[in-house]
Amino acid sequence: MDQLPFLLGIGAAVVLVSVLAVRVSTRVGLPSLLIYLGIGVALGESGLGIRFDDAGLTQALGVAALVLILADGGLSTRWTTVRPALGLGIALSTVAVAVSIGVTGLALWALLDLDLRVAFLWGAVLSSTDAAAVFSVLRNLGLSGRLVGSLELESGLNDAPVFLAVVILSSTAALSWVDPLLVIYELLVGGLLGAALGRVGALGLRRAALPATGLYPLATLAVCILAFASGQLLHASGLLATYVAALVLGNSTLPHREGSRSFAEGLGWLAQIGLFVLLGLYVSPQRLTDAVVPALIAGAVLLFAARPLSVAAAAIGFRVPWREQVFLSWAGLRGAVPIVLALIPLTSGLPGARALVDAVFVLVVVLVLVQGTTLPFVARRLGLAGDSRVEQIEVDAAPLDTLRADLLQMTVPIGSRMHGVYVRELRLPEGSGLSLVVRDGTSFTPQGESRIQEGDQLLVVTTETARDAAEERLRSVDRSGRLARWRGDTGGTPSLRSGDRGTPPRDGTGPGTMGR
């Protein structure tokens, strides 16, 4: 008890430094996870002298953090963004994973003289891309919808099959033809379970009149964690169930949906910070020198053979241009997930597992430095980067249970085509209306001749039956202006608000995105 203030102070200081590191990393174009890992190493045995070498606890905490990260990823994923890339995203998280494991395993078996099963285990551990690493770099590139949607789906879905492959290869039991069927069963049941719990959770949250606004984010996150626990208890993929449940919840009509997303985003950041610091604390820098050569060999195989071939195999039948295939190959960043997965064979007592953990740690640092710092340059050279400054509107809803109505709140972002539109030109559906505008700290009741400006905060009152149509109309005017309906924009799939009509759809992953 005497050490509690000290431990809490250290924890708070680490979080504050890590939060400030996000801004620093954004300015220099370096993924913040490297700074988090550096903080962990500085606190460890080679720095302040904190000794932490419990692999089992590290793995357990890592999986728990991964659940929170997947919940955040699912809740923040817009269905309108990933729907055009659904087939390619699923192929990248299944077909590409299998090809990557095979190519990496065979290459490392020949180059590093590993046992064949251990070589495939290396391939499995290294085949999982990391959502936190990918989107800390991609967030501001303004890529097309299919690219970001496919990468977003891949990073959210591929953890589940990779986790199952690592568990199977880490065991001492002989491999059997039943193993692939078991993986398929666990993925199918996990996906269906997540979808079912997501739908039930959304229905319950819509009907529940909770006494405090802060209870809605807690309940939403609890549904996601329940999906993981239920999946594991049913011997299905709890990770897939978590992501799918969060995806369904994040795209459902929920009370205080944006507040729930913000809460999950905060916990996701906290989980990332804690996970990377923990992994940096766990690693022993003295052992890393022996892991440099195997890590560089594995990294070269991954970058120049396994990833390009796996992307090419997944893209068959989807007519993906070669430029996008090159970018998808280079954008397969690795982060904390491979390190957490490498701890599974270590806790299982597999010979050589310690060398795998050290090599994966070195490889993650190298790949993040090489890929993370060059990804914006690659996107520009391939002609795939767009306007990263454009943001979409963000709409939050608060239920008025006794009136069977909702309050929609939004802020008109910079660059919105809603700027200059008269209130009467909004043409909101029957049953909804703009009731209040807040401009420069001053609120007023708008009239038909009032004009909307950038930075305005709008409050729209709508009946439950008109809510969806009101949100869609706000989206369409935000993107296409007063002539949205004439231009064919009905509020569905997002598009860029630049002047170029031929610009491909925007990814919709920016911090100002509004989703269903």
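R467, E471 and R475 are linked in a network of salt bridges, a salt bridge being a side-chain nitrogen of Lys or Arg within 4 Å of a carboxyl oxygen of Asp or Glu. By this rule the count comes to seven salt bridges. The model is a predicted one, where local features need pLDDT of at least 70, side-chain atom pairs count only at pLDDT 80 or more, and totals for chains, interfaces and linings use all residues. Residues are numbered from 1 along each chain as its sequence is written, and side-chain values use heavy atoms, with hydrogens and water left out.

**The protein as a whole**

- The secondary structure comes to 18 helices and five strands; these are DSSP runs numbered from the N terminus, with helices (H or I) of at least four residues and strands (E) of at least two.
- Of the 516 residues in the protein, 53% are buried, where buried means under 20% relative accessible area, exposed over 50% and partly exposed in between, using a 1.4 Å probe and protein chains only.
- Contact means heavy atoms within 4.5 Å; among contacts between residues at least 6 apart in sequence, 78% join residues at least 24 apart.

- Side chains of opposite charge can pair when their charged atoms come close.
- R307 and E154 meet through their side chains in a salt bridge of 2.7 Å, N to O. This pair links distant parts of the chain, with R307 in helix α14 (residues 285–314) and E154 in helix α8 (residues 145–157), 153 residues apart. Both R307 and E154 are buried.
- R287 forms a salt bridge with D358, and their closest N and O atoms are 3.1 Å apart. Here too distant parts of the chain are linked: R287 sits in helix α14 and D358 in helix α17 (residues 353–381), 71 residues apart.
- R287 is partly exposed at a relative accessible area of 27%, whereas D358 counts as buried at 4% relative accessibility.
- R439 and D456 meet in a salt bridge of 2.7 Å, N to O, between their side chains. R439 lies in strand β3 (residues 432–439) and D456 in the loop between β4 (442–444) and β5 (457–463), so the pair ties together parts that are 17 residues apart in sequence. Both R439 and D456 are buried.

**Helix α5 against helix α14**

- Two packed helices are described by the angle between their axes and the distance between the axes.
- Helix α5 (residues 86–111) packs with α14 at an angle of about 140°, their axes 8 Å apart. Axes are lines fitted to C-alpha atoms, for helices over the stretch in contact, and angles run from 0 to 180 degrees between N-to-C directions.
- By class, the contact of α5 with α14 has 20 nonpolar, three polar and no charged residues. Ala, Val, Leu, Ile, Met, Phe, Trp, Tyr, Cys and Pro count as nonpolar, Asp, Glu, Lys and Arg as charged, and the others, Gly among them, as polar.

**Helix α13 against helix α16**

- The axes of α13 (residues 257–282) and α16 (residues 336–347) come within 10 Å and cross at roughly 50°.
- α13 and α16 are therefore oblique to each other; angles under 35 degrees count as roughly parallel, over 145 as roughly antiparallel, 65 to 115 as roughly perpendicular and the rest as oblique.
- α13 passes α16 in a left-handed crossing.
- On the α13 side L275, F276, L279 and Y282 meet A336, I339, V340, L343 and L346 in α16. The residues of this contact divide into nine nonpolar, no polar and no charged.

Methods. Left-handed = near helix turned anticlockwise from the far one by under 90°.
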